[in-house]
Amino acid sequence: MSSSHDLATIHTSTPRTTKWCVVEGILKQDSEMAWRRVRLKGGCPVVPNRFGRYIKFNLTPSYMQVPSEYQDNFICGACVRRNEHVQKTNNIETSIGTNLQNLYGQGACFLFVIKLLSCIIEDLKGI
Ligand SMILES: [Zn+2]
């Protein structure tokens, strides 16, 4: 009994703060730990991820006026996760694009790999 009560206490004791999310342009309640401040690194807007590493700020801000009593440049936990998701998608697209460019640039090598693979498949069929 007492352990479940303790868990409930831990869950509800996470401090929640109301801040202005610059992406959504609304006042939101989120846990203090989830809010992230958008910063500038080398002139590029970045957001610290869950591991404290700065990643590029990929979302479009709402461009709405922040209420005077609230701090500017904060994004909520949901937007932090969305930003990370966009970053991952961009990375995959970039790497596919680079790989395709490499393949087109090395057409002969690509054909060789295809030929090699078809040989291997033929070998496997023989077994
Ligand atoms: Zn948000």
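Trainee: In what sense do strand β1 and strand β2 pair, and over how many bridges?

Mentor: Please keep in mind that this is a predicted model. Strand β1 covers residues 16-21 and strand β2 covers residues 26-31. One of the positions to look at is T18, whose bridge partner in β2 is Q29. The two strands pair in the antiparallel sense, and the number of bridges is six.

Trainee: Which residue in the turn between β1 and β2 has a positive phi?

Mentor: These two strands form a hairpin, with four residues lying between them. Within that turn, a positive phi of about 70 degrees belongs to G25.

Trainee: What is the order of the strands in the open sheet of three strands?

Mentor: The edge strands are β4 (39-41) and β6 (54-56), each of which pairs on one side only. Strand β5, residues 44-48, runs antiparallel to β4 and is joined to it by three bridges, and R39 stands opposite V46 in β5. From one strand to the next the twist averages 55 degrees. The pairing in this sheet is antiparallel, and the order is β4-β5-β6.

Trainee: How many residues make up the largest nonpolar core?

Mentor: Its members include W20, C21, V47, F74, I75 and V80. At least two residues of this core come from each of β1, β7 (74-75) and α2. In soluble globular proteins, nonpolar side chains tend to be buried together.

Trainee: Is R82 buried, exposed or partly exposed?

Mentor: R82 is found in helix α2, which covers residues 77-105. A residue counts as buried with 20 or more other C-beta atoms within 10 Å, and as exposed with 12 or fewer. Because R82 has 15 such atoms within 10 Å, R82 is partly exposed.

Trainee: What distance separates the C-alpha atoms of R82 and L59?

Mentor: Along the chain these two residues are 23 residues apart. In the model, their C-alpha atoms are separated by 8.0 Å.

Trainee: What pattern does the protein follow when read along the sequence?

Mentor: The secondary structure comes to three helices and seven strands. Read along the sequence, the pattern is α-β-β-β-β-β-β-β-α-α.

Notes:
Residues numbered from 1 in each chain as written. Predicted model: local features only at pLDDT ≥ 70, side-chain atom pairs only at ≥ 80, totals over all residues. Pairing = 2+ DSSP bridges. Axes fitted to C-alpha atoms, helices over the stretch in contact; angles between N-to-C directions. Core = buried A, V, L, I, M, F, W, Y, C linked by C-beta atoms within 7 Å.
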